[in-house]
Amino acid sequence: MRFPALEHTQPQWYELSADASADASLAAEPDGHDHELERRLSGPGRIDDAGMPAWRWLSTTREPFDLVWTVDGVRLVSPRVRDVLDAHLGPKDEVQWLPGVVRHGGGEDLPYWTPHFPVHHDVLDEELTERDPRLGTPGRYFYSPAKLAGHGMTTWHTPARDVEAYGRVVHMPSRIAGLTVVVSAAIARDLRAVGVTGARLTPAPVT
């Protein structure tokens, strides 16, 4: 787990994601589903028919981490990570937890959770954030502390927009960040306290 020295630096916000490893086996691949789930997770609205998606842990020598890096770009966290996140959700947070399993070893199924954000909140400082002029995706971005107030865990999004392509106008729906979420310092401290594995946690760019 990659953690800044929280006892020496005290940012109020951190970006949390699964830590990609140079060892390609320390990841999970979809087992029986395609990239449609990832597409749906990026968009707004509840998902009530996801079923019980499964991923196969690729390593034969190490147990799955608490935060799992997935080939299809879906956030997966263990029950104890969900417990920490749930304990610190703010009044503005809207998180739908979708169940899934990670299979490893001789076929053992371990329960995992995917946080889905059905409501896309505006949390970036747009005066300093640099977005692609055509697609609206942020390249260099900064969070607004005023907009983060009331949140414990959320993420940035690309607002819906109409884009002209090949002589016609195409509507691009709102989409959230791929794998990163921004979490409060209280969440960061508690994740460290319980010793979660497979996490990458770095100070968030906040203005």
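In which loop is threonine 155 found? Threonine 155 sits in the loop between strand 10 (153-154) and strand 11 (157-158); helices (H or I, at least four residues) and strands (E, at least two) are DSSP runs, numbered from the N terminus. The model is predicted, with local features needing pLDDT of at least 70 and side-chain atom pairs counting only at pLDDT 80 or more, while totals for chains, interfaces and linings use all residues. Residues are numbered from 1 along each chain as its sequence is written, and side-chain values use heavy atoms, with hydrogens and water left out.

**View 1. Surroundings of threonine 155.** Threonine 155 is buried, at 3% relative accessibility; buried means under 20% relative accessible area, exposed over 50%, and partly exposed in between (1.4 Å probe, protein chains only). Leaving aside neighbours within four places in sequence, threonine 155 is in contact with Arg75, Phe117, His121, Val123, Ile176, Ala177, Thr180, Val181 and Val182, where contact means heavy atoms within 4.5 Å. A polar atom of the threonine 155 side chain lies 2.8 Å from the backbone oxygen of threonine 180. Such a polar contact is a pair of N or O atoms within 3.5 Å; within protein, one must be able to donate a hydrogen and the other to accept it, and residues adjacent in sequence count only if both atoms are side-chain atoms.

**View 2. Histidine 157 in strand 11.** Histidine 157 lies in strand 11 and is buried, with a relative accessible area of 11%. A polar atom of its side chain lies 3.1 Å from the backbone oxygen of histidine 121. Not counting residues up to four places away in sequence, histidine 157 touches His120, His121, Asp122, Arg131, Ser174, Arg175 and Ile176.

**View 3. The largest nonpolar core.** This core has 22 residues, and those with the most contacts inside it are Leu16, Leu85, Met153 and Val183. A nonpolar core is a set of buried Ala, Val, Leu, Ile, Met, Phe, Trp, Tyr and Cys residues joined through side-chain atoms within 4.5 Å. Two or more residues come from each of strand 1 (13-18), helix 2 (79-87), strand 15 (181-184), helix 4 (185-194) and strand 16 (199-203). Helix 4 gives the most, with four residues. Leucine 16 touches Leu67, Leu85, Leu179, Thr180, Val181, Val183, Leu191, Ala199, Arg200 and Leu201, not counting residues up to four places away in sequence. Another core, of 15 residues, lies apart from this one and has Ala28, Trp57, Val68 and Leu110 among its members.

**View 4. Helix 4 and what covers it.** Ala185, Ile187, Ala188 and Leu191 are buried in helix 4. Seen down the helix axis, the buried residues fall within an arc of 160 degrees, so they line one face of helix 4; the arc is that of the directions from the helix axis to the C-beta atoms. The cover over these buried residues includes strand 1, helix 2, strand 10, strand 15 and strand 16. Glycine 195 follows helix 4 and has a positive phi, near 70 degrees.

View 5. Glutamate 36 forms one with arginine 39, the closest N and O atoms being 2.5 Å apart. Both residues lie in helix 1 (residues 36-42), three residues apart, about one turn of the helix. Glutamate 36 is partly exposed at 35% relative accessibility, and arginine 39 is partly exposed at 43%. In helix 2, aspartate 86 and arginine 82 are four residues apart, about one turn of the helix, and their side chains meet in a salt bridge (2.9 Å, N to O). Aspartate 86 is partly exposed, with a relative accessible area of 31%.

**View 6. Further charged side chains.** Aspartate 48 and arginine 46 meet through their side chains in a salt bridge (3.4 Å, N to O). Aspartate 48 is exposed, with a relative accessible area of 61%, and arginine 46 is exposed at 57%. Asp31, Arg103 and Asp109 are linked in a network of salt bridges.

Definitions and conventions:
Salt bridge = Lys/Arg side-chain N within 4 Å of Asp/Glu carboxyl O.
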